[in-house]
Amino acid sequence: MTRPEQQVLDKFTKFDIEHIYPSRRMKEEPLAGRSYESLGNKSILERRINIRASDYRFQDKASYYLGKRNEHTGTDVQDLRVLAQTYEDFKEGDIMARTQNILNSFLGCLAAYNLLEPDQPQG
């Protein structure tokens, strides 16, 4: 997914992979299938935020993403900011929908630059 408001991130910032639906919650409320490891459950997140927000429920993570906890600034990753402002919780259906949106956006980008092979005739 592309976000026009996304600025280029500082190359000196350390990032981690963030699981939006946290591993601790996964143990308490398992998801069906492999959705926990799906692309839609992952994002990059500044290490300084990920350390504090790592295993909290989504509502608490959202406050870290937006910078409402301990007077720290929030993330510069606009997709996480939008999720935090849009969702009250982040569940399996949201993971699957986000995965599909990411894939569709990626394929759309490839198509825009003619990087996909045209459909082959079926025979």
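Author: The expected span of a helix is 1.5 Å times one less than its number of residues, and helices (H or I, at least four residues) and strands (E, at least two) are DSSP runs, numbered from the N terminus. This is a predicted model, in which local features need pLDDT of at least 70, side-chain atom pairs count only at pLDDT 80 or more, and totals for chains, interfaces and linings use all residues.

Reader: How do you know that the reach of H5 is close to the expected one?

Author: Helix H5 (residues 92-112) has 21 residues and reaches 30 Å from its first C-alpha to its last, which is close to the 30 Å expected at 1.5 Å a residue.

Reader: Why do the buried residues of H5 line one face of the helix?

Author: Asp94, Ile95, Arg98, Thr99 and Ile102 are buried in H5, where buried means under 20% relative accessible area, exposed over 50% and partly exposed in between (1.4 Å probe, protein chains only). Seen down the axis of H5, these buried residues fall within an arc of 140°, so they line one face; the arc is that of the directions from the helix axis to the C-beta atoms. The face turned away from the buried side carries the exposed residues Gly93 and Ala112.

Reader: What covers the buried residues of H5?

Author: The cover includes strand E2 (42-46) and helix H4 (78-86), with contact meaning heavy atoms within 4.5 Å. The buried residues of H4, among them Leu80 and Leu83, pack in turn against E2, helix H3 (58-66) and H5.

Methods. Residues numbered from 1 in each chain as written. Heavy atoms only, no water.
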